[in-house]
Amino acid sequence: PATVGLMILSTPIVRLLFERGAFSPYATAITSQALFYYSLGLTFFATVKIITSAFYSLKDTATPVKTAFVCLSTNIVLNLILMQFMGVGGLALSTSISSLLNVTLLSLILRQRIGRWATGDLTRVIYQTVIASIIMGILCYVLAYRIFADNKLLAVIVPIFVGVCSYLAFSYWLNISGCRELMRSVYKKVIK
């Protein structure tokens, strides 16, 4: 959901926070493009940390370092290629692609070591999360670019609030693992 939210709201967020004085609409476009492409990799950045911990628990610190070196080399090559066509956005996109490569390599190696670790339950949760995130993203887009497009503040605050609420509602409705328990515990703490 954070990936989708940042991708959809990259321009309104940058416009609200920075666009004034010497920070022109052109600077907003370039900065929001970088935020958009970095946001693509947000899920992969987090996943790498989780999978790396699995290797550490297996007493294998070498494999994550080796894959990181491959991905760093890939990132450098992609930086040189993509920045020619996309500028700053190309640098951000190459970082996200390299992170995806890192997750893929580590996942394949981990599967060889311990067998299938991404069970059906995990796959189901991922699909449900994607569905809830897409619905949230559509709502955020309509609010930010159609309804509140002329108001910098409301084009960010309203979509974020509605996005969080809609994501939680759809997660609850889709019965995403742990969502109902999380909402109950938050509700109990707020009431007390």
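At 35% relative accessibility, Leu122 counts as partly exposed, since buried means under 20% relative accessible area, exposed over 50%, and partly exposed in between (1.4 Å probe, protein chains only). The model is predicted: local features need pLDDT of at least 70, side-chain atom pairs count only at pLDDT 80 or more, and totals for chains, interfaces and linings use all residues. Residues are numbered from 1 along each chain as its sequence is written, and side-chain values use heavy atoms, without hydrogens and water.

**Exercise 1.** Find the helix that holds Leu122.

Solution. Leu122 lies in α6, residues 120–147. Helices are DSSP runs (H or I, at least four residues), numbered from the N terminus.

**Exercise 2.** List the largest nonpolar core and name the element that gives the most to it.

Solution. 
- Apply the rule: buried Ala, Val, Leu, Ile, Met, Phe, Trp, Tyr and Cys residues are joined through side-chain atoms within 4.5 Å.
- The core has 10 residues: Leu9, Ile13, Ala132, Met136, Cys140, Ala144, Val156, Tyr167, Ile176 and Cys179.
- Two or more residues come from each of α1 (2–18), α6 and α7 (154–173).
- The most come from α6, with four residues.

**Exercise 3.** State how many disulfides the structure holds, then check Cys140.

Solution. 
- A disulfide needs a pair of cysteine sulfur atoms within 2.5 Å.
- The structure holds zero disulfides.
- For Cys140, the closest cysteine sulfur is in Cys165, 10 Å away, so it is too far for a bond.
- Cys140 counts as buried because its relative accessibility is 2%.
- Cys71 also counts as buried, at 5%.
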